[in-house]
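Welcome! Please take a moment with the sequence and the model below, and then we can walk through the inside spaces and the sheet together.

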Amino acid sequence: MSYLTTKDGTQIFYKDWGAGQPVVFHHGWPLSSDDWDNQMLFFLAQGYRVIAHDRRGHGRSTQTHTGNDMDTYAADMAELAAALDLRNAIHVGHSTGGGEVARYVARHGKGRVAKAVLISAIPPVMLKSERNPGGTPIEVFDGYRAALAANRAQFYLDVPSGPFYGFNRPGANVSQGLIRNWWRQGMMGGAKAHYDCVKVFSETDHTEDLRQIDVPVLLMHGEDDQVVPIADSAHLGIKLLRRGLLKTYKGLPHGMFATHPEIINADLLAFMRT
């Protein structure tokens, strides 16, 4: 098992397989690098070097009670990229991980990043406000915090059983394996870090991050995303990017790379090869 010890003493768990152009995967809340198992194996077989880490407070990394903010998440990634000497890398982020990619590429990725992919990602900003009237009301995120504090184990069953994978939709092909694996990953992490991260993914404004990114960026978003609605995320984000490409998917959910990997992997590969 591989760990990086950051400047503040946090241990970051990571996987680093293969050789070739690096592809770095950034997971969503409250999961871990294990969420990318399918993609790691697929792109390894395609000849890429694949890397994924557990964000601080998540998975096998230190269950931090401080530093649970987007600036620190991006700085952790910068330390890992330097330690592994990652250059010409493609960074792929899902949901909160998409915010992490945007912040990292904008602030730390100069000379190290070739392309970026944001899947069902939180940028520009999720929270409803006067500046973002189409956003999600604070009461929704307060509900997340209350449910997490009251009974995290049950909450971490309810989310994947419902909106995350779209399993609450009529006729959905429900996978108990995906639900249980989501729960397993979530329960590995720290409750305090996960609680703090609700504020991170809901209130962090990535508008300037998107404006500053000068490498090609692919936005991939399901049109039936119930967690990060497409109208207030990808449809706004594409307008801020200098070199952005938007690809949407009719009927697909927030966790579409896990429910439909045969679709998402093919489109990811095509973008990586262009």
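## Spaces inside and a sheet

The second largest cavity holds about 30 Å³. Its lining consists of Ile12, His53, Asp54, Arg55, Arg56, Tyr73, Asp76 and Glu100. A cavity here is a set of points, on a 1 Å grid over the protein atoms alone, where a 1.4 Å probe fits but cannot get out; a pocket is an open set with protein on both sides within 12 Å along at least five of seven lines, and lining residues have an atom within 4 Å of a point. Grid points are joined across faces, edges and corners, and a volume is the space filled by probe spheres set on the points.

This is a predicted model, in which local features need pLDDT of at least 70 and side-chain atom pairs count only at pLDDT 80 or more, while totals for chains, interfaces and linings use all residues. Residues are numbered from 1 along each chain as its sequence is written, and side-chain values use heavy atoms, leaving out hydrogens and water.

Here is how the linings divide by class (Ala, Val, Leu, Ile, Met, Phe, Trp, Tyr, Cys and Pro count as nonpolar, Asp, Glu, Lys and Arg as charged, and the others, Gly among them, as polar).

| Space | Lining residues by class |
|---|---|
| Largest pocket | 5 nonpolar, 3 polar, 5 charged |
| Largest cavity | 7 nonpolar, 3 polar, no charged |
| Second largest cavity | 2 nonpolar, 1 polar, 5 charged |

The largest cavity contains about 70 Å³ of space. Strand 7 gives the largest share of its lining, 3 residues. Helices (H or I, at least four residues) and strands (E, at least two) are DSSP runs, numbered from the N terminus.

The largest pocket has a volume of about 260 Å³. Among its 13 lining residues, Val125, Arg131, Asn132, Asp205 and Thr207 are the closest to its centre. Helix 7 (207-212) and helix 8 (234-240) each bring at least two residues to the lining of this pocket.

Two strands pair if DSSP finds at least two bridges between them. Strand 7 (residues 217-222) runs parallel to strand 8, joined by 6 bridges, and Val217 stands opposite Gly244 in strand 8. Strand 1 and strand 2 are antiparallel, with 4 bridges; in that pair Thr5 faces Gln11 of strand 2.
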